[in-house]
Number of protein chains: 2
Amino acid sequence: ATGHGSEAAKPATLFDAEVARATAFVDDMMRAGVNVPMPKDPGGGYTHEQHKKNYKAMVEAGELYRLNGDAKYAGFVRDMLLAYADLYPKLGPHPARSNQQYGRLFWQNLNDAVWLVNSIQAYDNIRASLNDKDRKKIDILFRSAAEFMSVESVKTFDRIHNHATWSTAGVGMTGYVLGDKNLVDKALLGSKKDGKAGFLRQMDQLFSPDGYYAEGPYYQRYALWPFIVFADAIDKNDPSQKIFERRDAILLKAMNTAIHLTYKGRFFPFNDAIKDKSLNTEEMYQGVAIAYAKTKNPQLLSIAQYQRRVALSAAGRAVADGIAQGLSQPFPFQSMLLRDGPSGDDGAVAILRHGDSDTGQALVAKNSSQGMGHGHFDKLSWQFYDNGQEVVTDYGAARFLNVVAKDGGKYLPENESWAKQSIAHNVLVVDEKSHFDGDVKIADTLPPKQIAYQAGDDFSYSIGQINTAYEGVGMTRNMAMVSIEGLKHPIIVDVMRVTSAAPHQYDMPLHYQGHITRIGPQLSSNVETRPVLGKDNGYQHIWVDATAQPVSQNAFITWQLDNRFYTWRWAPFAGSEMILAEIGANDPMFNLRREPIMIQRAKGAGNAIFAGILESHGKYDGAAEQTIASDSQIKSMKIVNGNGADVMVIETLNGVRVAIGFAHNEQADMEHSVDIDGQLVKWTGPAARIKL
Amino acid sequence: ATGHGSEAAKPATLFDAEVARATAFVDDMMRAGVNVPMPKDPGGGYTHEQHKKNYKAMVEAGELYRLNGDAKYAGFVRDMLLAYADLYPKLGPHPARSNQQYGRLFWQNLNDAVWLVNSIQAYDNIRASLNDKDRKKIDILFRSAAEFMSVESVKTFDRIHNHATWSTAGVGMTGYVLGDKNLVDKALLGSKKDGKAGFLRQMDQLFSPDGYYAEGPYYQRYALWPFIVFADAIDKNDPSQKIFERRDAILLKAMNTAIHLTYKGRFFPFNDAIKDKSLNTEEMYQGVAIAYAKTKNPQLLSIAQYQRRVALSAAGRAVADGIAQGLSQPFPFQSMLLRDGPSGDDGAVAILRHGDSDTGQALVAKNSSQGMGHGHFDKLSWQFYDNGQEVVTDYGAARFLNVVAKDGGKYLPENESWAKQSIAHNVLVVDEKSHFDGDVKIADTLPPKQIAYQAGDDFSYSIGQINTAYEGVGMTRNMAMVSIEGLKHPIIVDVMRVTSAAPHQYDMPLHYQGHITRIGPQLSSNVETRPVLGKDNGYQHIWVDATAQPVSQNAFITWQLDNRFYTWRWAPFAGSEMILAEIGANDPMFNLRREPIMIQRAKGAGNAIFAGILESHGKYDGAAEQTIASDSQIKSMKIVNGNGADVMVIETLNGVRVAIGFAHNEQADMEHSVDIDGQLVKWTGPAARIKL
Ligand SMILES: [Zn+2]
Ligand SMILES: [Zn+2]
């Protein structure tokens with residue numbers, strides 16, 4: 001048994017460490033011998049994992065050979081590829097396939113494409129070392145694999161979708177290695193070579209002008225891998241394409257944007273996202289390396305320092321050298337608006353930040369489009385990060401990656417029944433139905449609008465709008481990050497204006513992490529039996545712990561998360577209800593995490609304003625046994641409706657009063673004035689912070 | 001906004017950092033001016049926190065003055081003590097007191113004692129710098145405070161309890177500073193100076209010969225502070241006492257033992273413990289420094305490296321210098337038995353370890369005594385740590401330190417109704433009642449017995465026994481850590497033998513952390529309404545999610561925690577039930593954390609064997625998207641009852657078979673043999689691991 005404080009000697013640079021790691025791994029694999037089993041198992045199963053290990057070993061062995069010329073590594077790749085060449089002709093559709101997009105080596109076509117992208121890189125590195133016989137045999141393997149991708153699987157190949165990016169990347173890179181222009185052209189322009197499909201079309205369609213990928217950060221990270229790797233191959237084989245300059249350098253922009261879509265290194269988990277995905281993934285090592293090689297942007301070096309890894313490639317070595325030379329600069333995490341859609345007009349994601357990306361505040365206002373099949377019914381949703389924690393949360397996906405017991409790692413039934421539903425998000429839910437009544441095809445055609453956005457030192461805001469999520473119901477969500485004198489951290493302001501001629505039931509959930517410490521209103525508690533909130537659309541998964549009828553003075557809850565406290569305070573409607581609840585009902589297989597929710601419910605309402613503020617306050621210091629400001633530092637909050645504008649008035653315990661005005665009209669030069677207790681508050685433009 | 005990778009320049013040593021930190025804090029306090037408010041608030045309130053800040057500022061200002069002779073620091077301490085001297089005569093019992101052990105400056109006597117221990121140290125450092133008038137006035141303050149402790153609060157002062165340690169330390173240190181032998185003698189020997197109370201008696205009574213403190217690790221940490229600090233003062237003022245050699249150097253031993261009672265730097269949280277308590281507390285900085293000064297043990301330096309802090313004292317400087325000189329050695333975390341009770345015969349805590357203390361395995365078999373008022377009804381309980389996580393858990397205390405909204409940080413009602421109850425622990429619960437029927441006075445007189453203990457490379461075990469927790473029910477718990485060929489980590493074996501002439505209902509709970517991935521038996525689930533398990537003794541807090549009737553082949557559950565999987569597999573009795581449950585019922589104020597439990601329930605049983613194994617397996621690697629061995633690697637487990645012994649037989653998926661024998665008689669030289677499927681398994685002594 002060893003103790004604290006022991007440290008192993010560190011290799012000289014991150015690249016040395018990478019070579020050491022890869023050498024150990026490949027040597028292990030070589031000792032185990034070439035093992036290319038007949039495909040049989042689904043994700044997480046034995047043959048699946050073995051084939052994954054194989055391509056990882058091949059691509060790294062190929063790099064090691066390129067680096068040090070040691071013939072044993074070339075021989076290992078050769079022997080394994082020869083084994084694949086023997087196996088491949090025997091394969092048909094994978095026995096564990098579950099849909100039409102099947103693979104041969106793997107249950108899903110996507111995995112075969114990833115195999116191809118990796119294996120062809122390995123082959124590229126060793127092909128010149130082979131004798132004619134071996135080379136011919138392996139060429140045939142790759143030609144067959146490319147044909148499987150581009151002919152038998154042409155439906156996948158010709159999609160405008162990240163699976164197709166892997167597929168076209170594999171085929172195109174095979175084309176370069178085999179010197180087969182036909183394969184390259186198909187990859188770039190689609191199977192019909194008409195540019196209506198293929199890699200270039202994907203580049204043009206799948207990213208917004210701000211480098212935002214329609215499926216969201218989790219898939220942006222993943223999709224970037226084949227984009228960047230294939231682009232790198234295109235750039236090397238056909239520099240005249242100027243692929244990295246295409247569309248205003250969209251791929252490099254998308255790489256940067258992916259990094260901006262993180263807090264403490266983790267991707268914002270909206271849509272079908274697994275929460276533990278961070279910048280620490282192979283694709284981000286590759287992405288940082290290739291982007292650095294193209295741009296020499298020293299801010300990327302600090303990302304590699306966070307990753308503590310670099311790509312095993314010439315570009316990765318350059319990153320490690322840059323760090324060793326002290327060239328690194330902090331990555332400029334900051335507030336930004338990321339427009340969605342190929343033309344940038346399908347809504348947007350607004351990121352409002354204060355402080356750094358590890359401990360500071362970040363508000364994500366998600367006013368972007370549905371994002372296809374992995375999208376959630378979460379229009380105008382938001383998340384909030386502070387103090388290294390996800391405070392106001394997005395559930396992400398109901399999925400346990402590659403865990404055999406959890407359907408082999410596939411999306412679980414609860415991904416549909418809970419994770420995608422509107423009530424699982426910080427959004428307005430009307431009449432207990434999800435946005436677009438849960439119809440993804442309709443949702444995909446009706447993105448929200450980003451009405452306004454502005455970032456400043458003590459006041460940043462984003463206004464999103466959607467009038468199509470529910471028939472006859474318009475929603476405009478004004479969100480702001482507001483610094484207030486005497487408060488240590490900026491507060492989050494949320495004012496949602498709902499318009500409807502007909503009366504409805506409105507539910508406004510708040511999904512948060514932490515342990516409740518104080519509850520404003522008197523509770524009516526279900527302590528001996530917890531009813532389920534509803535029957536469908538996610539409501540069937542909600543246990544009701546307690547309800548209450550708050551009034552303005554007591555409409556708040558406070559909770560503790562890590563060493564800080566948070567108070568959510570809202571302006572309750574007359575007759576509205578607060579519901580304290582927890583997820584987990586109707587979940588017999590324990591597929592859901594048990595998480596708390598607060599729901600503000602108003603029945604029979606038409607036009608309405610939901611107004612709330614989130615305050616980070618105080619400090620819990622267990623070591624020093626000191627706790628300060630564990631209760632809210634705000635005395636009151638109210639909303640005043642004026643002529644064409646709504647004004648929130650906040651007063652702190654110290655007597656500081658601040659008004660936040662949101663106009664109904666977004667014109668930048670329009671003047672507004674609202675009477676606040678006899679004081680006329682004036683501003684120009686869609687939103688303003690006014691000290692009273 | 002800044003990014004990752006930026007680092008501030010670091011001071012030369014930990015001590016320099018400490019001086020910088022203290023200087024900043026004290027300078028801040030000096031800028032704010034002397035603020036000695038009239039006592040009013042309970043814990044967490046304004047006056048409470050201000051007086052705490054004051055003594056911290058004074059003690060650090062005193063050290064800064066000693067270090068650099070800057071008169072402004074002496075002046076600050078002087079001015080503050082003069083303000084206290086003005087205030088003190090005006091004080092009576094604190095207005096927010098809640099019991100007889102009140103303070104004057106604080107609601108609790110304990111806080112006043114801590115104030116005294118700190119303030120007298122500050123005074124010691126500056127007293128020589130004062131003019132006669134100020135010195136006289138402040139002498140009177142301390143004399144009054146010491147009198148308050150030793151006369152008005154004599155009941156606390158004369159206890160054998162950590163509150164009394166603070167009290168005697170404060171009075172004794174005051175005696176040394178004022179040159180008052182009477183105060184010193186009272187402190188050492190009790191108010192009557194007869195040695196039946198006082199500091200020396202506390203030293204003899206409160207620690208076992210192995211340096212274990214009866215109230216458990218959380219209070220051991222806290223109690224050590226006045227022990228070590230006062231001992232240091234005794235050693236300096238009266239070296240002839242040889243205080244650090246007393247009772248085989250019990251204080252230094254206790255300091256070492258406290259460190260051993262941690263995993264990943266956090267104290268094992270049994271009894272009334274708050275879980276975030278780690279080695280990173282002021283008392284442990286002081287303890288490490290004083291112990292290092294006495295022993296020069298280089299292993300303590302690695303603890304200081306973990307803490308990244310040192311005491312602001314000459315001893316703290318020596319620690320920092322030792323680290324800077326590269327003298328640090330790893331602290332030898334290892335398996336050990338810590339006997340409980342002044343003579344070492346009141347049971348014990350057995351710690352079985354494998355690997356290091358940050359990522360390896362640690363099994364804690366808690367066969368120690370009740371530990372007075374902060375003890376829990378948790379006889380023969382256990383906890384398990386692995387991979388940096390608390391896997392099989394102890395709830396600790398239901399308390400939010402200094403959080404105003406949670407009863408000002410006091411123990412919450414749920415500490416009695418849940419945290420102390422037997423069902424809240426990994427112990428046998430008979431007929432839904434807690435051990436000793438929840439009577440702490442009886443519990444305190446009836447400790448368990450540590451029957452046997454042995455630590456080895458691939459087999460370590462502990463056997464505990466108690467026959468008095470329930471009338472007519474004997475319990476002997478055999479726990480072992482067993483390495484098995486082909487399994488990556490050792491498994492935990494738990495065989496509890498219960499004897500009873502009468503039939504009972506037995507509940508054997510398993511409290512764990514993680515997300516269930518696989519459940520062996522077919523469930524009967526309460527998905528639409530969750531019943532509460534019982535009415536009293538903690539059962540009223542348990543929601544029942546599901547029940548099942550397992551048979552031997554399917555009696556297991558698997559869960560994921562962080563990046564590893566755990567399977568608990570047990571030998572079910574015929575007709576027994578599995579209950580999957582969660583805490584949180586009858587908790588209207590949300591005072592409890594919501595945590596999962598699995599309960600094995602047998603009705604109408606008399607003599608019985610509860611046998612289970614806990615297996616750590618597999619790996620979840622989200623970055624590499626690779627999951628291996630997420631399901632159990634064990635094929636079967638059964639228990640065979642022989643003549644005077646029980647044998648567990650484990651077979652892995654790879655076909656490795658191991659038997660673990662536990663004899664009913666603990667004699668070291670007694671031979672045992674049991675027939676396992678026709679194969680005679682033999683061993684000598686209380687327990688053995690036999691490869692089949
Ligand atoms: Zn979502
Ligand atoms: Zn306990």
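Q: Are His376(A) and His425(A) buried or exposed?
A: Both are buried. Keep in mind that this model is predicted.

Q: Which protein donors does the zinc ion (ligand 1) have?
A: They are His376(A) through ND1, Asp394(A) through OD and His425(A) through NE2. These donors lie 2.1 to 2.7 Å from the zinc ion.

Q: How are those donor residues spaced in sequence?
A: The pattern is H-x17-D-x30-H.

Q: New topic. Where is Leu614(A)?
A: Leu614(A) belongs to strand S21 of chain A, which covers residues 608–617.

Q: Why does Leu614(A) count as buried?
A: Because its relative accessibility is 1%, and buried means under 20%.

Q: What does Leu614(A) touch?
A: Leaving out residues up to four places away in sequence, its contacts include Trp382(A), Phe384(A), Trp559(A) and Trp568(A). Val392(A), Ile491(A) and Ile492(A) are also among them.

Q: How far is Leu614(A) from Gln50(A)?
A: Their C-alpha atoms are separated by 48 Å. Along the chain, the two residues are 564 residues apart.

Q: Let's talk cores. Which residues touch the most other members in the largest nonpolar core?
A: Trp115(A), Tyr123(A), Phe142(A) and Phe230(A) do. That core has 117 residues. Its largest share, 13 residues, comes from helix H10 (residues 217–237) of chain A.

Q: What does Trp115(A) touch?
A: Among its contacts are His51(A), Tyr55(A), Met58(A), Leu105(A) and Phe142(A). Again, residues up to four places away in sequence are not counted.

Q: What other core lies apart from that one?
A: There is another core of 116 residues. Met58(B), Ala74(B), Ala146(B) and Ala233(B) are among its members.

Q: Last one: at what angle do helices H9 and H11 of chain B pack?
A: The angle is about 85°, and their axes are 10 Å apart. That makes H9(B) roughly perpendicular to H11(B).

Q: Which residues meet there?
A: Leu200(B), Met203(B) and Asp204(B) come from H9(B). They meet Arg246(B), Arg247(B), Ile250(B) and Leu251(B) of H11(B). By class, the contact of H9(B) with H11(B) has 4 nonpolar, no polar and 3 charged residues.

Methods. Residues numbered from 1 in each chain as written. Chains lettered and ligands numbered in written order. Predicted model: local features only at pLDDT ≥ 70, side-chain atom pairs only at ≥ 80, totals over all residues. Heavy atoms only, no water. Axes fitted to C-alpha atoms, helices over the stretch in contact; angles between N-to-C directions. Helix = DSSP H or I, 4+ residues; strand = E, 2+ residues; numbered from the N terminus. Parallel < 35°, antiparallel > 145°, perpendicular 65-115°, else oblique. Contact = heavy atoms within 4.5 Å. Nonpolar A, V, L, I, M, F, W, Y, C, P; charged D, E, K, R; others polar. Core = buried A, V, L, I, M, F, W, Y, C linked by side-chain atoms within 4.5 Å. Buried < 20%, exposed > 50% of the residue type's maximum accessible area, 1.4 Å probe, protein only. Donors = N, O, S within 2.8 Å, 3.2 Å for Na, K, Ca; no water.
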